[in-house]
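Please consult the sequence and the structure shown below while reading.

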Amino acid sequence: MKQMALDVGLNAPPSLHSFFPGPNREAYEHVRLWVSHPHRSPVPTYVWGEHGSGKTHLLRAAAQWLQHHGQAVGWMDATVMEPGAFDPAWQVVLLDDVDGYSAVQQHAAFNWFVHAMRSEEHTSELQSQSTIS
(Lines give C-alpha, C1' and ligand atoms only; values in the text may rest on other atoms or scores of the structure.)
Protein backbone atom coordinates (compact mmCIF):
# COMPACT_ATOMS: atom_id res chain seq x y z
CA MET A 1 0.00 0.00 0.00
CA LYS A 2 1.25 3.46 -0.89
CA GLN A 3 0.42 6.56 1.16
CA MET A 4 -0.67 9.67 -0.74
CA ALA A 5 -0.16 13.15 0.62
CA LEU A 6 -3.25 15.31 0.24
CA ASP A 7 -2.96 19.07 0.05
CA VAL A 8 -5.73 19.96 2.49
CA GLY A 9 -4.11 23.11 3.87
CA LEU A 10 -5.77 24.99 6.67
CA ASN A 11 -7.56 28.23 5.99
CA ALA A 12 -5.39 31.22 6.68
CA PRO A 13 -6.70 33.53 9.41
CA PRO A 14 -8.48 36.65 8.19
CA SER A 15 -6.15 39.48 7.27
CA LEU A 16 -6.49 42.98 5.91
CA HIS A 17 -4.59 41.78 2.86
CA SER A 18 -7.10 39.00 2.16
CA PHE A 19 -10.19 41.16 2.71
CA PHE A 20 -12.05 41.93 -0.51
CA PRO A 21 -13.63 45.35 0.17
CA GLY A 22 -16.01 45.47 -2.79
CA PRO A 23 -18.83 47.85 -1.82
CA ASN A 24 -17.36 48.07 1.71
CA ARG A 25 -14.29 50.03 0.65
CA GLU A 26 -14.99 52.91 3.09
CA ALA A 27 -15.19 50.56 6.08
CA TYR A 28 -12.09 48.71 4.96
CA GLU A 29 -10.10 51.94 4.44
CA HIS A 30 -11.23 53.28 7.82
CA VAL A 31 -10.18 50.12 9.67
CA ARG A 32 -6.91 49.82 7.73
CA LEU A 33 -5.95 53.40 8.58
CA TRP A 34 -7.20 53.03 12.15
CA VAL A 35 -5.08 49.98 12.98
CA SER A 36 -1.95 51.35 11.33
CA HIS A 37 -2.01 54.76 13.04
CA PRO A 38 -0.02 54.95 16.29
CA HIS A 39 -2.43 57.50 17.81
CA ARG A 40 -5.86 55.96 17.22
CA SER A 41 -9.00 57.98 17.65
CA PRO A 42 -10.71 57.29 20.98
CA VAL A 43 -14.08 57.54 19.23
CA PRO A 44 -15.67 54.08 18.87
CA THR A 45 -16.26 52.77 15.37
CA TYR A 46 -19.46 50.88 14.66
CA VAL A 47 -19.43 48.54 11.65
CA TRP A 48 -22.77 47.23 10.41
CA GLY A 49 -24.05 45.45 7.35
CA GLU A 50 -25.91 42.49 6.00
CA HIS A 51 -25.00 38.93 6.98
CA GLY A 52 -21.97 37.84 4.96
CA SER A 53 -20.76 41.36 4.13
CA GLY A 54 -17.37 40.82 5.81
CA LYS A 55 -17.78 42.48 9.21
CA THR A 56 -16.32 39.58 11.19
CA HIS A 57 -13.48 39.10 8.69
CA LEU A 58 -12.62 42.79 8.98
CA LEU A 59 -12.68 42.74 12.79
CA ARG A 60 -10.67 39.52 13.01
CA ALA A 61 -8.17 40.97 10.52
CA ALA A 62 -7.88 44.11 12.66
CA ALA A 63 -7.32 41.98 15.78
CA GLN A 64 -4.70 39.89 14.00
CA TRP A 65 -2.86 42.97 12.71
CA LEU A 66 -2.90 44.65 16.12
CA GLN A 67 -1.72 41.54 17.97
CA HIS A 68 1.01 40.97 15.39
CA HIS A 69 2.19 44.52 16.15
CA GLY A 70 2.28 43.93 19.91
CA GLN A 71 -1.09 45.39 20.88
CA ALA A 72 -3.19 43.74 23.60
CA VAL A 73 -6.70 43.11 22.24
CA GLY A 74 -9.90 42.24 24.07
CA TRP A 75 -12.24 40.17 21.87
CA MET A 76 -15.82 39.10 22.40
CA ASP A 77 -18.29 37.58 19.99
CA ALA A 78 -21.54 35.69 20.48
CA THR A 79 -19.64 32.40 21.01
CA VAL A 80 -17.95 33.67 24.20
CA MET A 81 -20.56 32.38 26.63
CA GLU A 82 -18.95 33.63 29.86
CA PRO A 83 -16.88 36.71 29.11
CA GLY A 84 -14.17 37.57 31.58
CA ALA A 85 -13.63 40.89 33.28
CA PHE A 86 -12.18 43.86 31.42
CA ASP A 87 -8.39 43.75 31.31
CA PRO A 88 -6.79 47.19 31.72
CA ALA A 89 -3.85 45.96 29.62
CA TRP A 90 -6.06 45.85 26.53
CA GLN A 91 -5.28 48.66 24.15
CA VAL A 92 -8.24 47.82 21.93
CA VAL A 93 -11.60 46.13 22.53
CA LEU A 94 -13.35 44.43 19.61
CA LEU A 95 -16.98 43.34 19.95
CA ASP A 96 -18.43 41.21 17.15
CA ASP A 97 -22.00 40.01 16.49
CA VAL A 98 -23.38 42.20 19.28
CA ASP A 99 -26.91 41.67 17.99
CA GLY A 100 -26.62 38.02 19.06
CA TYR A 101 -25.39 38.67 22.62
CA SER A 102 -27.16 37.13 25.59
CA ALA A 103 -27.99 39.28 28.63
CA VAL A 104 -24.70 38.16 30.26
CA GLN A 105 -22.72 39.10 27.15
CA GLN A 106 -24.51 42.45 26.85
CA HIS A 107 -23.66 43.24 30.45
CA ALA A 108 -19.99 42.33 29.92
CA ALA A 109 -19.81 44.27 26.62
CA PHE A 110 -21.23 47.37 28.30
CA ASN A 111 -18.76 46.96 31.15
CA TRP A 112 -15.85 46.55 28.72
CA PHE A 113 -17.02 49.57 26.74
CA VAL A 114 -17.26 51.82 29.80
CA HIS A 115 -13.89 50.70 31.14
CA ALA A 116 -12.25 51.02 27.75
CA MET A 117 -13.49 54.56 27.32
CA ARG A 118 -12.23 55.47 30.80
CA SER A 119 -8.87 53.76 30.44
CA GLU A 120 -5.96 56.10 29.78
CA GLU A 121 -4.09 53.37 27.94
CA HIS A 122 -7.05 52.43 25.77
CA THR A 123 -7.37 54.41 22.57
CA SER A 124 -10.37 53.06 20.68
CA GLU A 125 -12.99 50.43 20.13
CA LEU A 126 -14.56 48.68 17.18
CA GLN A 127 -17.80 46.79 17.28
CA SER A 128 -19.81 44.95 14.70
CA GLN A 129 -23.49 44.13 14.34
CA SER A 130 -25.49 42.44 11.63
CA THR A 131 -28.64 44.16 10.55
CA ILE A 132 -31.82 42.38 11.55
CA SER A 133 -34.30 41.79 8.72
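## Salt bridges

Arg32 is partly exposed, at 31% relative accessibility (partly exposed lies between buried, under 20% relative accessible area, and exposed, over 50%, with a 1.4 Å probe and protein chains only). The model is predicted, with local features needing pLDDT of at least 70 and side-chain atom pairs counting only at pLDDT 80 or more, while totals for chains, interfaces and linings use all residues. Residues are numbered from 1 along each chain as its sequence is written, and side-chain values use heavy atoms, leaving out hydrogens and water.

The structure holds 3 salt bridges (a side-chain nitrogen of Lys or Arg within 4 Å of a carboxyl oxygen of Asp or Glu). Arg60 pairs with Asp77, their closest N and O atoms being 3.0 Å apart. This pair links distant parts of the chain, with Arg60 in helix H2 and Asp77 in the loop between strands S2 and S3. Arg60 is partly exposed at 36%, whereas Asp77 is buried at 5%.

## Helix H1

Helices and strands are DSSP runs of H or I, at least four residues, and of E, at least two, numbered from the N terminus. The buried residues of H1 are Tyr28, Val31, Trp34 and Val35. They cover an arc of only 135 degrees around the axis, so they lie on the same side of H1; the arc is taken from the directions from the helix axis to the C-beta atoms.

## The whole chain

The chain contains 3 helices and 4 strands, in the order α-β-α-β-β-α-β. Of its 133 residues, 35% count as buried.
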